[in-house]
Amino acid sequence: MLSCTDALFSLHPSGAAAAVTGICFVQNNNAPQNVVVGSNNDEDTDSDSGDDNFEHLQFKCTNLLLGHDRQKRNRGGESESSYQQATHHLSAASHTSLFGVVLASCHQDGTCKLWDLATRRCIVNNAAEGRNGPGLAVRRLDQMQQFVYQSRDVLGTVSLHDIHRPLDPILQLHTYSTTFCQMAPCDAAEDGAVIVGERNLIALPTQHQSVAIIRDLRCDPTCSPSYRIDTGYYCNDNIAHSRRNYGMLTSLGLLNLQGKSQQLVLGCGMEDGSALFYDLRSKRSPWLLDNAAEEGGCLPEETSNFMCQIKLGNDPVLSLDLSRSYSKDTGAQSLVSVAGCAGDADEMSELPEEDQGTVSTIKIKLANDLTNIYRKMEHSSSNMSSSMKATIRTKTRTCSIESGGKIGVSVCRFRPDGRMFAVGGWDRRLRLFDRASSKPLAILQGHDDTVTAVDWAGNASSTGMLATGAGDGRICIYRVFPNTSLKK
C-alpha cells in the first residue's frame, strides 16, 4: 500500500476558512472525447479475489493550491518551506491538463463557491445568495455543465444550477428535511466510452425521517415525485406487512443499471447501521407510497424480489455509493455497494475482530428471474436465487483501533469506471481501495480535520483526478493512478 504526504496548501477564501461540506467537478472542457475505458462489468465473485491489478500503475499524487493566500495555516503560523513554495510553479503540462476544469464546493457557512483549477482562483464566491443554512452537499449531474446544491436551512432547499449562469438557479425545490442525509443524483452506467442513464433523477430525503423520494429535475417541483419510498416497511415470504424501526435515513445512493432502459436501484443507509436496497421496477410494494394502497397492496412473493436489507453494525451508515457489477456464477447483473459508518474506537474494540470495520463492501444480487427479462439469457434455475439478496463481502478498518484514533467514515465514492473507491475518514485521511478485492491501494494525507467530501473527475479513469474537502476548510486536488495507456 502506498502513501502520499506531498506539500499541502490552504484554502483561504475571503474571511475565515469555513469547513467544506461538499465538493464536485462540474466542468471539464479538456476532457478526452473518445476515451476507451474498461467496462465496470468486470466479474465479481463473493471472495476477496479479483482481476483488477493496480501494482503495475505508477502512483502519482499532487496537491494544488486553491485560494489567494499561500500562507500555510498551522498552529505555529510558520511560512511555507522552499519546497512547498516550489510546488506552486506547476508545469505547463499541468496547466494544460487543468484548463477548463471547474470545481464546486459548499461550506458550513452556507456559501457555494466555484473554483477555476487552472488559475487556482475562486471565480464565484457564492452561487446561493440568501440561503439561510449551512451547506450540506453539492453534486454534479451527468451533463457536467450542471450541479445541484443542497443546504440545511429550515426548508431543506435544493437548487439546480448551470455552470454558465450559476447565480440564477434553473429550479429550486424544498425537501423540508432537517437531517444530515445528503441527496444522491442518479449515477449512470458506463458502456464503453458512452455514459448512459437517467441524468435528471435525484434521490432526496424528506421531512419524514424514514421516507425518501426520487424526483425528475425536468418536472415541476410542485408535482408529485416519481417515487416515494418508506424505509420502515419490510416484506418477506412469511409476513406481508411488517414495520421495522431502522431509525432515520442517513445516506442515499441511486444507480441506473440498464443504461437506456430504466432499471433503478436505490440504496439507503440507516441510523441503526442497516443498509436497504430497492429494485424500483416493482409498482405494488408497500414501501412505494401512493402506489401500494391504491393498486392492491403487497404481494409478498413478488416484493421479496425487489427489496433486501443487511445489518452492517450498530452505528449510522453515513455514506453509501453504488456501482454496477456482474455475477460470474449466473451471468446475472448485480451491484456492488460501499458503505461507511460512524464508529467509536472504545466500543469497537469490544467486538470480534471481523466486525470491527467501518468500511463495508456489499454484493447485491438481483432476482435472476427478473434480470433474465432484460438480459434474455437462459440459466439453470438451480443456480438462481429467487429473491434480491445482499451479502457483506468485506469489512475494513480505517485507522488502528489500538491507537485510539477516530475510526468513523464520512464519505465513500466509486471512481466513475467502478474499479476503485475512495473513503474519507474521521482520522483526516483519504483511503483508496480496489473494488474487486477491497484491498487498500493508498493513503492520502494532508488535512487537519475530518475528510467530509470526495469527488472523482468524470474522466478520472484516465487522468486520476480526485478532489477532497475537510473540516479544516481546505480543498485538495490529487492525481492518483492516472492511466496514460487509455486512448484519447
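Analyst: A nonpolar patch here is made of residues with over 30% relative accessible area and no salt bridge, whose nonpolar side chains are joined within 5 Å. Please keep in mind that this is a predicted model.

User: Which residues form a nonpolar patch on the surface?

Analyst: Val154, Leu155 and Tyr176 do, and together they have about 300 Å² of accessible area.

User: And where is Val154 found, and is it buried or exposed?

Analyst: Val154 lies in the loop that runs between strand E7 (146-151) and strand E8 (157-162), and with a relative accessible area of 74% it counts as exposed.

User: Switching to cysteines, how many disulfides are there?

Analyst: The count comes to zero, taking a pair of cysteine sulfur atoms within 2.5 Å as a disulfide.

User: What about Cys268?

Analyst: Cys268 is in no disulfide either, since its nearest cysteine sulfur, in Cys181, is 7.9 Å away, and at 0% relative accessibility Cys268 is buried.

User: Now pockets: what volume has the second largest pocket, and which residues are closest to its centre?

Analyst: The second largest pocket has a volume of about 650 Å³. It is lined by 35 residues, of which Leu136, Phe180, Gln182, Leu318 and Ser410 are the closest to its centre.

User: Which element gives the most to that lining?

Analyst: Strand E18 (249-256) gives the most, with six residues.

Definitions and conventions:
Residues are numbered from 1 along each chain as its sequence is written. This is a predicted model: local features need pLDDT of at least 70, side-chain atom pairs count only at pLDDT 80 or more; totals for chains, interfaces and linings use all residues. Side-chain values use heavy atoms; hydrogens and water are left out. Patches are made of residues with over 30% relative accessible area and no salt bridge: like charges are joined within 9 Å, nonpolar side chains (Val, Leu, Ile, Met, Phe, Trp, Tyr) within 5 Å. Accessible areas come from the Shrake-Rupley method with a 1.4 Å probe; for residues, only the protein chains shown count as cover. A salt bridge is a side-chain nitrogen of Lys or Arg within 4 Å of a carboxyl oxygen of Asp or Glu. Helices (H or I, at least four residues) and strands (E, at least two) are DSSP runs, numbered from the N terminus. Buried means under 20% relative accessible area, exposed over 50%, partly exposed in between (1.4 Å probe, protein chains only). On a 1 Å grid over the protein atoms alone, a cavity is a set of points where a 1.4 Å probe fits but cannot get out, and a pocket is an open set with protein on both sides within 12 Å along at least five of seven lines; lining residues have an atom within 4 Å of a point. Grid points are joined across faces, edges and corners, and a volume is the space filled by probe spheres set on the points.
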